[in-house]
Amino acid sequence: MDPIELHVNGEVVEVTDVRPTTTLLEYLRGPLGLPGTKEGCAEGDCGACTVVVIDPQAPGGPRFRGINSCLLLLPLLHGMHVLTVEALRDASAHDDSDGYHPVQRALVEALGSQCGYCTPGVIMSMFEACYRGDLDAPWKLDDQMCGNLCRCTGYRPIREATEQIAGLRPDDRFARALRTAAGQRPVSLRYRAGSQHFFCPGSVPELLDRLHEHPNARLVVGATDLGLDVTKKGEHFEVLVSLQAIEALRQLRHEDGRWSVGATVRLADLEDATGKALPPVARMLRFFGSRQIKNSATLGGNLCNASPIGDLAPVLLALSATVVAVGREGERRIPIDDFFVGYRKTALRTGEILARVEFDDPPAHARVVAYKVSKRREMDISAVAAGLRVDVRDGIVEDARLGFGGMAATPARARRAEAAMIGQPWSEATGEAAARCIAQDFRPLSDHRGSAWYRATVAANLLRGLYHDVQRERLPPLPDRPSGTLLGRGGETGTGAGGEASP
């Protein structure tokens, strides 16, 4: 068996004696004695545990990624470089900065640190922003920082500090570390501690062999869901198998109008790729989760969890996607309509993995939009999600694919509503007729996210709104509506004395 080997703040760390379900946060604060990284919620919501890793395989070259260390299992960092808040100050510097990094100085000068508990995580999210070259819109700053909760409500100075350093990209020791990472490849691993095994195979055949040997193994990559089983439920997994070292599963291609998205493509990368090329997918990913979550979570993980409120399934239903499964007997193609077979169950057979998802760009006569409805905009789980598509020729609806999440035990299409549209004129009246069919298509449950009445009403209203939303653009992007209270001091929206926040 191999030791786990990673680099923390530039130092090589070798691990041989901890259980593979140990989180990175536990190891940093415990054996490594690095208490700067905090534990707040232990479920990836508050950002106090944010650290930064170098991803050498990111599209466009190596990049820094802020991640939630409270969810990421330690073996998933094998062969990787991790930076915590302790690494930022250069103690050898003898200038006016006293060695502090620009993001640290900016937060201090903006008075963005109050009780200080959230500050290390805020700093590390700002650190990622500092080295990004694509923060060219206000909403991207919101997205960068939305995963960091400040209990002292110091969001305005935090925002102002982030604006100062976003995209600064100093040519410093951290930038040099990024350049050095170019060309590095994932490292395979066979690790054991006590009765627990962790495998990180380097190829698909080796992966399938491990699954054949351990048919009850749990697959893991980003651990944004499985990590909760560890931190909140105390699960003890005997065998974990990671897919992250298999380069073939992380390919993201868009060629000749056809998309091929590997199972381990990070959702942050998929969002970037579809931002202008395929707005319905980017719309759904915008409020999927925080930047830290999207930096870890994968397409395959979201689909294979088979959650009835998984956000990507409805839009993939609308796009008529195909799931490509791989097993020892070869590839098998599964229409997305047939992939979810029950609550938290998929059509994957024992020993098979989801290798990639394929779908076409919508044709010129198609109109597609995606919606996510939740109690709050950022960092929330859907009450209802929808991916809605109508193909219109000569003013007549030729075809319709209306995918919904949160309305049944699995993500599903509204077949009666589709039938009410097909063959009818593309009009507001046709949308109204489809909306009235929702009560026949679904019998949603009531829970703390919404009552059955609420869900049915929202789903029907989304169909009513579809006609209006695609009048100007057939693939409408998500409107940029920043949180009003975060701007001000010269920002385009905000709350003045006695004023109201912009929507």
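**The nonpolar core and its surroundings**

A: The mean pLDDT of the protein chain is 93, and 96% of its residues reach 70 or more. Over residues 490-503, however, the pLDDT is below 50, although this stretch has 22 contacts in the model beyond near neighbours in sequence. Where pLDDT is low, the predicted coordinates should not be read in detail.

The largest nonpolar core has 38 residues, and the members that touch the most others are L303, L316, V357 and F359. At least two residues each come from the strands β11 (258-262), β12 (322-327) and β16 (353-360), and likewise from the helices α9 (267-274), α10 (279-286), α12 and α13 (312-318). Among the contributors, α13 gives the most, with 5 residues.

Leaving out residues up to four places away in sequence, V357 touches W259, S260 and V261, then L299 and L303, then L316, and finally A321, T322 and V323. Two of these partners, L303 and L316, are themselves named with V357 among the residues that touch the most other core members.

Helix α12, which spans residues 299-304, also holds N302. N302 counts as buried because its relative accessibility is 15%, where the cut-off for buried is under 20%. A polar atom of the N302 side chain lies 3.4 Å from the backbone nitrogen of L312. Apart from neighbours within four places in sequence, N302 is in contact with F288, G310, D311, L312 and A313; of these, L312 and A313 fall within the range of helix α13.

The phi of D256 is near 50°, a positive value in a residue other than glycine, and D256 counts as exposed because its relative accessibility is 85%.

M379 lies in the loop between β17 (366-373) and β18 (384-393), and has a positive phi of about 55° although it is not a glycine. M379, however, is buried, with a relative accessible area of 13%, whereas D256 is exposed.

Notes: Residues numbered from 1 in each chain as written. Predicted model: local features only at pLDDT ≥ 70, side-chain atom pairs only at ≥ 80, totals over all residues. Heavy atoms only, no water. Helix = DSSP H or I, 4+ residues; strand = E, 2+ residues; numbered from the N terminus. Buried < 20%, exposed > 50% of the residue type's maximum accessible area, 1.4 Å probe, protein only. Polar contact = N/O pair within 3.5 Å; in protein donor to acceptor, adjacent residues only side chain to side chain. Contact = heavy atoms within 4.5 Å. Core = buried A, V, L, I, M, F, W, Y, C linked by side-chain atoms within 4.5 Å. pLDDT = per-residue confidence, 0-100.
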